[in-house]
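Hi there,

Here is the structure I said I would pass on.

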Amino acid sequence: MQKKLQQKFTDIFQKYATDSSLEKKFWQEIEKQYSSKKRHYHTLLHLENLFGELEPIKEKLEDWDTIQFSVFYHDIIYKSFKSNNEEESASLAIERLREIGYPEEKIVKCKNQILATKAHNFDDNDTNYFTDADLSVLGKDWATYAIYYQQIRKEYSLYPDFLYNNGRKKVLEHFLDMESIFKTEYFRNKYENQARLNIEKEFQILDK
């Protein structure tokens, strides 16, 4: 998995820069961050799953290069006790992409896509597909979803159950209150119904 991800990063990096030492430095940074022992869900496997969702629909996307960078950097900063992970991740992405001379208008797109995983308020085609893919785990089969929510709990293990459960229920209620969880027709058709069933089931478990 790591070799496949590294090759994807190499391919996209080398379209814009030729400095092999910089490429190695950037990849090692990504690998180190997503391989942290404190991470259980927001790992390299999460990146692999995102590519698995997005690669089959590349023809629907306007800027595949930027989407790829957004995948690599959207959770590069992830601390369960912080509320500004997306902003920090976006800032690091901007810094790294400027180092390779990535076009400024594309850097803005990448920043907005990363921020959209928190606020869901950037409404363009590519961003909607990206954020839908990021949420796709919600609509997987129950066994996969159960592993996901258990991994999230581990990432927030410093919080006692009464605090975590209340916070998690608010997140789940937010999803259930949405007119639709997924913004694109493609992902709605694929995952919406199962996502609602999964979220309701987790909510009931937390409510016991």
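This is a predicted model: local features need pLDDT of at least 70, side-chain atom pairs count only at pLDDT 80 or more; totals for chains, interfaces and linings use all residues.

Let me start with the largest pocket, which has a volume of about 930 Å³. Its lining is made up of 31 residues, and those closest to its centre are Tyr-78, Glu-86, Thr-117, Tyr-156 and Val-171. Two or more lining residues come from each of helix 5 (85–99), helix 6 (104–119), helix 8 (142–155) and helix 9 (161–177). Helix 9 contributes the most, with 7 residues. Sorted by class, the lining holds 14 nonpolar, 10 polar and 7 charged residues.

Next comes the second largest pocket, with a volume of about 320 Å³. It is lined by 15 residues, and Ser-36, Lys-38, Tyr-78, Lys-79 and Ser-80 lie nearest its centre. Here the elements giving two or more residues to the lining are helix 2 (20–34) and helix 8. The classes in this lining are 4 nonpolar, 5 polar and 6 charged residues.

Finally, the threonine. Thr-127 sits in helix 7 (residues 125–134). Is Thr-127 buried or exposed? With a relative accessible area of 1%, Thr-127 counts as buried, because the cut-off for that is under 20%. Leaving aside residues up to four places away in sequence, Thr-127 touches Gln-113, Ala-116 and Phe-122.

Happy to hear your thoughts.

Best wishes

Note on methods:
Residues are numbered from 1 along each chain as its sequence is written. Side-chain values use heavy atoms; hydrogens and water are left out. Helices (H or I, at least four residues) and strands (E, at least two) are DSSP runs, numbered from the N terminus. Buried means under 20% relative accessible area, exposed over 50%, partly exposed in between (1.4 Å probe, protein chains only). Contact means heavy atoms within 4.5 Å. On a 1 Å grid over the protein atoms alone, a cavity is a set of points where a 1.4 Å probe fits but cannot get out, and a pocket is an open set with protein on both sides within 12 Å along at least five of seven lines; lining residues have an atom within 4 Å of a point. Grid points are joined across faces, edges and corners, and a volume is the space filled by probe spheres set on the points. Ala, Val, Leu, Ile, Met, Phe, Trp, Tyr, Cys and Pro count as nonpolar, Asp, Glu, Lys and Arg as charged, and the others, Gly among them, as polar.
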